[in-house]
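Please read them with the sequence and the structure open.

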Amino acid sequence: MTIAPDKNKLYPNENIRTVCYIKNLPSRLNVEIGDYTYYSDNTRSPENFYDNIQHHYDFLGDKLIIGKFCAMAEGVTFIMNGANHRMDGLTTYPFNIFAGGWEKVTPTIEQLPIKGDTLIGNDVWLGQHVTIMPGVKIGDGAIVASNSTVVKNVEPYTIVGGNPANTIRKRFSDEMIKLLLELQWWNWDEKKIFENLEQLVAVNDIATLKKLLNEE
C-alpha cells in the first residue's frame, strides 16, 4: 500500500507537470528547501523556480531557507540582499556599477543595508505573485495573500495581505497556535502523517490537537 508520494521525485504526480517538489531541482548555493515543498506554475515550467530568486549573489552570503510542506503559487518572488543600495548618503544612485571612474565609490559590504537571511517556515502558503523582501522571516503555518509584498516578519499561523502586507487575522487562537508549534506535524514520518491525514486537513479543535500531542 502506498502511503505517500515519493519526496525525492521532481514530479511526484507525473500527470501534473505544473507542480514540482523544488528540493529535487539541482542544488544552488545558499538556498535550502525542505521536503514536500512545491512550486506551481501554469505559465512556465515550475523547474524555473530559481529564476524567482532575484539579486542573490554568492559573495554576500545571504541564504534563502524554506521549510517543509510549503505551497508556493506561480510568480512568487524572493528579493535578496543584492538588490539593496547604499542609503546613508545624499543619494541612493549606484554610481559604481557603471565604471568610467565612478567605481571609486564602490561600497564595502559593511556599508550596504544587509537584512540577513530570508526564512520561510514550514506549512507556509504563498499565493500568486507574492513578493518577499530581503531578510523577511515568515513563521510556520502562515498564509500570504496573492499579489502581496511582504516587508516585515510574519508571525506563525497568521494571514497577511496587501502592499505592504499587513495582518488580516490569526488562523487560530493563541492556545491552539502554541499547541501546533509544539506538535510540528511536518516532522512526523510518512506513516504517521498517512494515519493522521483526516485530522490534518479537517480538524481544528484543541481537544483533538492535545490528543495528537499526547501520542508523540
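1. Arg17 lies over the face of Tyr11, and the distance to the ring centre is 3.8 Å. This value, like the others below, comes from a predicted model.

2. A search of the whole structure for aromatic pairs returns 13 of them. One is formed by Phe49 and Phe78, in an edge-to-face arrangement with 6.3 Å centre to centre and 75° between the planes. Phe49 belongs to the loop between β3 and β4 (53-54), while Phe78 sits in strand β7 (residues 77-79), so this contact ties together parts that are 29 residues apart in sequence. Both Phe49 and Phe78 are buried.

3. Another edge-to-face pair is made by Trp185 and Trp186, at 5.9 Å centre to centre and with 70° between the planes. Trp185 and Trp186 are each buried. These two residues also belong to one aromatic cluster, together with Tyr21, Tyr36 and Phe69.

4. In what order do the strands of the open sheet run? The 7 strands follow the order β1-β3-β6-β9-β12-β14-β15, and their pairing is mixed. At the edges stand β1 (19-21) and β15 (166-170); each has a single partner strand, so one side of each is left without a neighbour in the sheet.

5. Within this sheet, strand β3 (residues 38-40) and strand β6 (residues 71-72) run parallel and are joined by 2 bridges. Tyr39 has Met72, in β6, as its bridge partner. As a general point, the strands of a sheet pair through backbone hydrogen bonds, either parallel or antiparallel.

6. The largest pocket holds about 880 Å³ of space. Its lining consists of 34 residues, and those nearest the centre of the pocket are Phe69, Asp123, Trp185, Leu200 and Val201.

7. Which helix gives the largest share of the lining of the largest pocket? That helix is α3, with 5 residues. Helices α1 (174-183), α2 (190-195), α3 (197-202) and α4 (206-214) each supply at least two residues of the lining.

8. By residue type, the lining of the largest pocket divides into 27 nonpolar, 3 polar and 4 charged residues.

Technical notes:
Residues numbered from 1 in each chain as written. Predicted model: local features only at pLDDT ≥ 70, side-chain atom pairs only at ≥ 80, totals over all residues. Heavy atoms only, no water. Pairing = 2+ DSSP bridges. Helix = DSSP H or I, 4+ residues; strand = E, 2+ residues; numbered from the N terminus. Phe/Tyr/Trp six-rings, centres within 6.5 Å; stacked < 30°, edge-to-face > 60°. Buried < 20%, exposed > 50% of the residue type's maximum accessible area, 1.4 Å probe, protein only. Lys NZ or Arg CZ within 6 Å of the ring centre and 35° of its normal. 1 Å grid on protein atoms, 1.4 Å probe; cavity = no way out; pocket = protein on both sides within 12 Å on 5 of 7 lines; lining within 4 Å. Points joined across faces, edges and corners; volume = space filled by probe spheres on them. Nonpolar A, V, L, I, M, F, W, Y, C, P; charged D, E, K, R; others polar.
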